[in-house]
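Here is a friendly walk through one protein model, from its backbone to its rings, core and cavities. Keep the 3D view open as you read.

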Amino acid sequence: MGIDYSEMGLEENIETSLMSIGYKERRLEGRALKDFQKHAIDVEMLFQFLEATQPKQVERLKKVHGERFEKRLLNRLDQELARRGVIDCLRHGIKDRGVSLRLVYNKPPSTLNQLLMQNYENNIFTASRQVYYSSKNTNSLDMVLFLNGFPLVVMELKNPLTGQTFENAKRQFKEDRDPNELLFQPKKRVMVYFAVDTDEVWMTTMLKRESTFFLPFNCGNQGGKGNPIIYGNYRSSYLWNDVLQKDSLLDLLFRFVYIEQKDVRDSTGDIIDQKETVIFPRYHQLDVVRKIEADIQKNKIGKNYLVQHSAGSGKTNSISWLSHRLAKVHDENNDPIFDSIIVITDRRVLDKQLQDAIYQLEHEAGVVQKIDEDSSQLAEAIQNKTRIIITTLQKFPFIIDKVSEFSRGKYGIIIDEAHSSQGGKASTAMTSILSDKSLEDAYAADKVMEEELDSTEEKIVEVVEKSGKQENISFFAFTATPKPKTIEKFGTYNQETEVPEPFHIYSMKQAIEEGFILDVLQNYVTYETFYKVEKSINDDPEVAKRKATQEIARFVSLHPHNIAQKTAIIVEHYRRVTQHKIGGRAKAMLVTRSRLHAVRYKHAIDAYIKKNNYTDMKTLVAFSGTVDDEGISYTEVEMNDFSENELPDKFSTNEYQVLIVAEKYQTGFDEPLLHTMYVDKPLSGIKAVQTLSRLNRTCRGKEDTFVLDFVNDPDIIQEAFQDYYEVTGLSDVTDPNILYDLEYELNAAQVYTAGEVNAVSELEFNGKLNDKRAQERLNPILDQASDRFEKELTEEEKDQFKSSASKFIRTYSFVLQIGPFTDIDLHKLYVYLSYLLRKLPKKPNERLYLADEVALEYYRNQKVFEGQIQLETQGRVDIDPPQHAGGAAPEEEKERLSSIIDRMNEKFGTDFDPQDKLSRDQLVEDMVQDEELKERAKNNSIDNFTFSFEDRFMDFLIDRMTDKNFFQKMMENEEQRVFLMNEMKEEVYYRLRE
């Protein structure tokens, strides 16, 4: 018969596994199916559960409702499910006519209460295959898991051996499942939807047609995405063998899932609505919380745990769930292991999220106390053994005197962003205050002899005892970027390697590969400073140092290192490129090196926007304290004209586009609409990773990010990311000239003709492709190339052509993000290949790289890349400003011109060497020998001659391509090229006229 590799075969295997762990097989047919289609509940199983667990309550309601008992109870249940949602109703039950009904029983913490144990065992877990859920169509769901008749888990199953994967399952949820069906309405019935194949699992909690957003629910495989091989089973079998087993499902229902409520604001920032989202843990969140809890139950207090989870991986939720569970964990004697859980964080979002989530889980206010007043409030919370305390580390040194006379308890300390929280006096004070060790412990352990110590030495010993590891404290440290000291302090000791290591890892690599965060190094470009000066006189006179510097640096004001010019680059790049990303909602962050820089950038950018009459761009600034700039004081609040606390919400509105920061919002700031970062600050190590990672949050329509770095070396950035990301994807800075190499290679394949490329461009740029009938003209043009590709190329040549075409599209679309790269022929080829690649025959499972449609659309509709606005890539020397002083002007320091040149070249980059000087002179000679230029020079003023000279300059330069070193330097830096052209113009003009 062979192997059954069908979808049905997968269904049967899952069902068999579920039956083996206590689920019951359930076929929804006849009356049961009709009831389900009406109520989206397995009515028969619901009433079977109620009769078995609460017979007295059921009898009371039968007396109240009479013959209409079932119908009225279902109506009441429908009302409560619509109002409160299935999660809240299942956790806390419903009331009807004074009668309380439980809809599910969680597993009791102990077996002492026989009635609770019996009711828990009477929970009914059923699995149904091919559920025809709607009376409006014949669609069926592959598998639904019910708890007491409630359809908590819906699964669409696919088997890659049949040619379908989890992607097809996701598509089925989006296209074939109507969100208006009662079963699929948000939070009313289903807890989670899984798109499953034999290798991967993805999940969502809300169906919204094409807007449905799936998250990965995979274990990870060797530090990356996916799942490891499980010999004798499917890679994805952990889902039904572990996650969906009965106690695990109850645990998810009662102690993990909650409803997140977020304010919806209009463009002015006013709250106009509230958005509700069912939050279900991703696999790494579920795994870390459960593993830590299991280890605590085994080893009790006194052990530390380091959790290395990638930025953007949901640490806020992980901390919320962990703090709740630690506050509830008990030992064998049913005594709490911790008296208080203290969460150390600087993030305001964690305060509210913890309180909201735990209220839903506990249905009890007061479990969480945020310390938002003075240190006395913290001291009181510790003394009262408040279950969960949220505070900053800085408050601990101020409570030493206030808590000296209280009985120390047992504490679990959760540290958010541990890399910044393990050192310093505040950390030492916290440990010292909470430690239950004393001088007597040192004596008892024979660490010191009592008679050997004077009073001062005794205090020192006690301080030492209260430092380091404490038997009454466990630390739980979360960070994406642990320093070696962090690992050493909080890591778990590995007996084999004999070094500490993180207790749990969710790597940046896995998060990027799963598409949960974006790779911020993918589109990373630097503006390198090339400042070339070469003297052209034979002698080397002494000149006034300041005047020489001014003369030599006469073009420096154009360089990006000048704030005004970098301002132009930033604003124009934002308006050309970033503004059109994420459906026109993309935002940018400018990272400055000081508070004063932030203030000056704010003034410069706002002035530039006003000068150019731009009305589609506004800025905000973020810095601490007061900044004095030449006698004028500035604060963040005054410059933004609203309070500091309002900034995150204001920035998320459509009113503001660019946030200028100085040592603020570079860590812990989650704004998914952040697409571009302009970096004007030296970065390295953890700071580089944390800062650039502000861009990695995902949202609908966000396909990439962009970093424009004025300061740093790509190698330094790559080195910074290497420690936290296994295979760093940072390549060298893109050289636009690679496009010409690719163009030559593609042309040589003879798949298309210049006429065909031009014909497609004609359709594209004349607006004709918007006309549906234009497709009739487009396809025959592409078909000619497609036929040549199929008939005239070998398989190897086909693969090479597609690879080169895809690389050309990627590189060109990236170059478009950087700024003007005006080459009409290249852009025509870019448009043509973007269509052709879709048309070429594809191999099975071949992925097709399509051009950035936003960039293509923008270039089609706007003309800014045709050279009207030039990004400046040259700038100025940072010259000390003149100092005001009384008396006569002092005699200027004399300095040889060559030493000024050497000093400036050393400061700003690569020198012109003697060969470059010779190449420049040869270029002049080429132009002086040109008869056409000679004619223009003789018959025109220098101003009129300029037009001809500039038109011909690139031709002469390209003729010198054989001089690769000089040519490459000229092509790499446009402003450098323009400077050279202007510098040569007068010499060529007057020599031609001679």
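Gln130 sits in strand β4, which covers residues 125-131. In this predicted model, the phi of Gln130 is near 50 degrees, a positive value in a residue other than glycine. Lys187 also is not a glycine, and it has a positive phi of about 65 degrees. You will find Lys187 in the loop between α8 (166-176) and β7 (192-196). Is Lys187 buried or exposed? With a relative accessible area of 15%, Lys187 counts as buried, because the cut-off for buried is under 20%.

Now for the rings. A search of the whole structure turns up 28 aromatic pairs. Two of them are set out here.

| Aromatic pair | Centre to centre | Angle between planes | Arrangement |
|---|---|---|---|
| Phe166 and Trp202 | 5.6 Å | 10 degrees | stacked |
| Phe217 and Tyr283 | 5.7 Å | 90 degrees | edge-to-face |

Phe166 belongs to helix α8 and Trp202 to strand β8 (residues 201-204), so their pair ties together parts that are 36 residues apart in sequence. Both Phe166 and Trp202 are buried. The pair of Phe217 and Tyr283 links distant parts of the chain, 66 residues apart. Here Phe217 lies in the loop between β9 (215-216) and α9 (238-243), while Tyr283 is in helix α11 (residues 283-299). Phe217 and Tyr283 are both buried as well. Elsewhere among the aromatics, ring pairs join Tyr133, Phe173, Phe184, Tyr193 and Phe214 into a cluster.

Phe217 comes up again in the nonpolar core. The largest core has 130 residues, and Met155, Phe194 and Phe217 touch the most other members. Which residues does Phe217 touch, leaving aside those up to four places away in sequence? Among them are Phe194, Val201, Trp202, Met203, Tyr238, Leu239 and Val243, and also Phe280, Pro281, Arg282, Tyr283 and Leu286. A second, separate core holds 29 residues, including Leu742, Tyr752, Val760 and Leu763.

Finally, the cavities. Searching the whole structure gives four cavities of 30 Å³ or more.

Note on methods. Residues are numbered from 1 along each chain as its sequence is written. This is a predicted model: local features need pLDDT of at least 70, side-chain atom pairs count only at pLDDT 80 or more; totals for chains, interfaces and linings use all residues. Side-chain values use heavy atoms; hydrogens and water are left out. On a 1 Å grid over the protein atoms alone, a cavity is a set of points where a 1.4 Å probe fits but cannot get out, and a pocket is an open set with protein on both sides within 12 Å along at least five of seven lines; lining residues have an atom within 4 Å of a point. Grid points are joined across faces, edges and corners, and a volume is the space filled by probe spheres set on the points. A nonpolar core is a set of buried Ala, Val, Leu, Ile, Met, Phe, Trp, Tyr and Cys residues joined through side-chain atoms within 4.5 Å. Buried means under 20% relative accessible area, exposed over 50%, partly exposed in between (1.4 Å probe, protein chains only). Contact means heavy atoms within 4.5 Å. Helices (H or I, at least four residues) and strands (E, at least two) are DSSP runs, numbered from the N terminus. Rings of Phe, Tyr and Trp (its six-membered ring) pair if their centres lie within 6.5 Å; planes under 30 degrees apart count as stacked, over 60 as edge-to-face and the rest as tilted.
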